Amino acid sequence: MPISQTLKHDAIKNIVLKLSKTINTEYEEDNNELCFDFPKNIGDGYFKAIEFDFGVGIIIADFLINENLSITFEKDKINPLKFFFNLDTEVKFKDSENDLKLNRLESLLVSPATNEAQTFNFNKNKPNTFFYIQINRKLYEEKIEKFIGDMDEDLETLFRDLNGINKFHFKSYYSLEIAELIEDFKSCDLTDFMQSVYLEGKTYEIITQYLNQFTKKNNNPGKHKLLRKATVSKIEEAVQIIKNEIDVRISVNALAKRVGLNQNTLQAGFKLLFSTSVNEYIRDHKIEYAKNLLENSELNITEITYKIGINSRSYFSKLFKTKYGLSPKQYLTQFRKNENKSA
């Protein structure tokens, strides 16, 4: 029998609490978190809600159940801003005007109109994983008040529409960097205060990355493109090659051939998912990896240069300084000084 839950746009923990009661399962609450596991007669997996300050909350869920699940947000006076990131199989979203399918790595930024219902549908016997951020704009107003006037016009309109006068939705692929941030969030092994600080920081990183992606696409409407599922998978494969073979110099053409795409499609995919070119992505990843080696290994700068597949120490120093404002030697000196102070 399908599981159906109708909710108000309530505090984020209340959403998960009410869902746990509908499926008749126990929940656990610890400080700003509330979580439940699906009972074995329904399937396997969990729902977890975490609340932060200023009306920001998240739900993260990972489950496979033997019944279809439908969650409807009914007509309400509260009209939050919602970010939905789909990490696995297809999810359906429906409101008064839209009937959308969200595939893996697709996202939805949505704000309901006044007194409008919205429904998310999840399929039975398929793995469902999603990350959902909800912002109560009335509570969040205090946080952004000082930035009004300096914000992107579209973002200001979006955040200042406290009463949901303007119906809004924006569907797009989200970057693999956001996917990695979500994985960082899920795999956090900190506890108590440090966990709360870390998870709130990751949530704001995800919001920042996504809004940056949104403003860039919104300001270039003619550049909106769709990627096929197979293309997205091949781009993910290309990213994995870049990370696994960081000591190898690989051309865009060679990388494209290895994953079975033409060079233009690979470039377009990186632009869409990362807002950067393939070569820029490779370069940035190499320099970030080098920074990590400077901080956490005993390798000298020359050894690190070769470790990331760059043959010229001077060229490496130039790239590093462009990204971090210091040469590798200056950065290492400053890092060790800071480490000694905190010891």
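I take partly exposed to mean between buried, which is under 20% relative accessible area, and exposed, which is over 50% (1.4 Å probe, protein chains only). The areas themselves come from the Shrake-Rupley method with a 1.4 Å probe, and for residues only the protein chains shown count as cover.

I note that this is a predicted model: local features need pLDDT of at least 70, side-chain atom pairs count only at pLDDT 80 or more, and totals for chains, interfaces and linings use all residues. Residues are numbered from 1 along each chain as its sequence is written, and side-chain values use heavy atoms, with hydrogens and water left out.

**Entry: salt bridges**

I counted a salt bridge when a side-chain nitrogen of Lys or Arg sits within 4 Å of a carboxyl oxygen of Asp or Glu. That rule gives 16 salt bridges. Side chains of opposite charge can pair when their charged atoms come close.

**Entry: R160**

I looked up R160 and found two partners. Its side chain meets E141 in a salt bridge at 3.4 Å, N to O. R160 is in helix α3 (residues 153-160) and E141 in helix α2 (residues 137-144), 19 residues apart. Helices here are DSSP runs (H or I, at least four residues), strands are E runs of at least two, and both are numbered from the N terminus. E141 is partly exposed, with 25% relative accessible area. R160 is also partly exposed, at 36%.

R160 also meets E145 in a salt bridge, at 3.3 Å, N to O. E145 lies in the loop between α2 and α3, so this pair ties together parts 15 residues apart in sequence. E145 comes out as partly exposed because its relative accessibility is 40%.

**Entry: K186 and D62**

Next I checked K186. Its side chain forms a salt bridge with D62 at 3.8 Å, N to O. The pair links distant parts of the chain: K186 is in helix α4 (residues 176-186), D62 in strand β5 (residues 56-65), and they are 124 residues apart. K186 is partly exposed at 30%, and D62 is partly exposed at 27%.

**Entry: negative patch**

I then looked for charge patches (residues with over 30% relative accessible area and no salt bridge, like charges joined within 9 Å). Asp and Glu count as negative, and I placed each charge at CG of Asp or CD of Glu. E28, D30, D37 and D192 form a negative surface patch.

Is E28 exposed or buried? E28 counts as exposed because its relative accessibility is 63%. I located E28 in strand β2 (residues 27-30).

Technical notes:
Patch = residues over 30% accessible without salt bridge, like charges linked within 9 Å, V, L, I, M, F, W, Y side chains within 5 Å.
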